[in-house]
Amino acid sequence: MRQEEQYQFITRELYLEHQFIKQEDQRTRAYICSPLSAKTDEEFLENMHRARAYMHYAAKEMGLVARAPHAYLPMLLCDRIPNERALALQFGLRLLEESDILMVCGDRISLGMQGEILHAISIKARILTFSYPIYKKVCEYVRKENGDAELIVVDENHSFMAGKEIPTTENMISESEYTGLLDARDRLCRFCQSESANEQSSFTQQVCTENSANIGGLAGSRWSQHDRECEKCQVTRLADDAHSEAEKAGILSDS
């Protein structure tokens with residue numbers, strides 16, 4: 001992987017992992033429907049990465065909360081094992097039911113995508129397409145299932161989502177945004193994810209530098225794990241640790 005590709009990958013993942021930090025978020029939740037199956041392992045991985053790129057574009061350029069289970073589940077469930085593939089598909093359909101809109105991405109509709117589209121039609125979910133050929137195909141499914149055609153929309157202003165472009169640095173966040181995301185992550189309590197607690201209590205921090213090479217002009221040492229906790233969580237953890245040690249030592253009373 002080239003240095004520029006490493007930077008793109010890291011910035012994209014950092015941006016996506018902050019989607020649900022704000023629990024009061026009221027943004028539209030979009031389910032990404034895009035191809036995963038492929039003839040070769042390389043193409044399969046490329047489809048996984050493209051699904052993540054679709055998520056990133058939907059979040060950054062369209063202001064949506066995006067989710068694509070097939071962008072990450074293949075790292076946990078093998079798509080070639082029928083039972084595990086079925087489990088992944090079942091999870092995807094359940095997640096689709098918790099989404100506000102289905103976004104059909106890419107330039108083709110795979111068998112798995114067809115199942116998701118048909119499910120979206122059955123639950124009367126909104127469906128957004130990004131090219132007329134795909135829109136026309138989805139409309140055929142709607143007619144066969146006696147669905148509501150008014151729920152299907154085509155928006156050709158996002159050619160990247162139609163699979164006509166590859167990810168570029170223009171679709172990635174800037175270096176200042178990248179640094180800001182790292183700083184924001186490092187200010188969060190590792191237990192309750194509270195940021196406001198930083199203003200009223202001290203934190204402990206352990207930085208684990210795994211790579212000192214520069215990534216996209218940024219110091220790789222910034223890509224680190226943090227071990228911060230707010231005062232409330234720290235007190236709770238210390239109390240739990242003390243209780244556990246006392247229990248092991250057999251000095252706790254029965255009362």
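Before I start, a word on how to read the values: the model is predicted, so to speak of local features we need pLDDT of at least 70, side-chain atom pairs count only at pLDDT 80 or more, and totals for chains, interfaces and linings use all residues. Residues are numbered from 1 along each chain as its sequence is written, and side-chain values use heavy atoms, with hydrogens and water left out.

Let me begin with the chain as a whole. The chain contains 7 helices and 7 strands, where helices (H or I, at least four residues) and strands (E, at least two) are DSSP runs numbered from the N terminus. Read from the N terminus, the order of the elements is α-β-α-β-α-β-α-β-α-β-α-β-β-α. The chain has 255 residues, of which 39% count as buried; buried here means under 20% relative accessible area, exposed means over 50%, and partly exposed is in between, with a 1.4 Å probe and protein chains only. The accessible surface comes to about 15,000 Å², and 49% of that surface belongs to carbon and sulfur atoms, the areas being from the Shrake-Rupley method with a 1.4 Å probe, and for residues only the protein chains shown count as cover. If we take the contacts in the chain with a separation of 6 or more, 70% of them are between residues 24 or more positions apart, a contact being heavy atoms within 4.5 Å.

Now to the aromatic residues. A search of the whole structure gives 3 aromatic pairs; rings of Phe, Tyr and Trp (its six-membered ring) pair if their centres lie within 6.5 Å, and planes under 30 degrees apart count as stacked, over 60 as edge-to-face and the rest as tilted. One of these pairs is Y54 with F160, which is edge-to-face, with 5.6 Å centre to centre and 65° between the planes. Y54 sits in helix α2 (residues 41-60), while F160 sits in the loop between β5 (152-154) and α6 (175-186), so this pair ties together parts that are 106 residues apart in sequence. Both partners are on the buried side of the cut-off, Y54 at 1% relative accessibility and F160 with a relative accessible area of 3%. F160 also pairs with Y57, and that pair is tilted, at 5.3 Å centre to centre and 35° between the planes. This pair, too, links distant parts of the chain, from Y57 in helix α2 to F160 in the loop between β5 and α6, 103 residues apart. Y57 is buried as well, with a relative accessible area of 12%.

Next, the charged side chains. How many salt bridges does the structure hold? There are 5 salt bridges, each being a side-chain nitrogen of Lys or Arg within 4 Å of a carboxyl oxygen of Asp or Glu. R94 forms one with E97, where the closest N and O atoms are 3.4 Å apart, and because these two residues are 3 residues apart in helix α3 (residues 82-97), they are separated by about one helical turn. R94 also meets E98 in a salt bridge, at 2.8 Å from N to O. R94 is partly exposed, with a relative accessible area of 45%, and so are E97 at 38% and E98 at 45%. Another salt bridge joins K137 and E140, at 3.8 Å from N to O; these two are 3 residues apart in helix α5 (residues 132-144), and therefore about one helical turn separates them. K137 is partly exposed at 35%, and E140 is partly exposed at 27%. Coming back to R94, salt bridges that share partners join R94, E97 and E98 into one network.

I will finish with strand β2. R67 is found in this strand, which covers residues 65-67. Is R67 buried or exposed? R67 is buried yet has no salt bridge, and the nearest side chain of opposite charge, E98, is 6.1 Å away, where Lys and Arg count as positive and Asp and Glu as negative, with His and the chain ends not counted. The backbone oxygen of E98, however, lies 3.0 Å from a polar atom of the R67 side chain. A66, also in strand β2, counts as buried at 1% relative accessibility. Leaving aside neighbours within four places in sequence, A66 is in contact with Q19, A30, I32, M55 and A58.

Definitions and conventions:
Polar contact = N/O pair within 3.5 Å; in protein donor to acceptor, adjacent residues only side chain to side chain.
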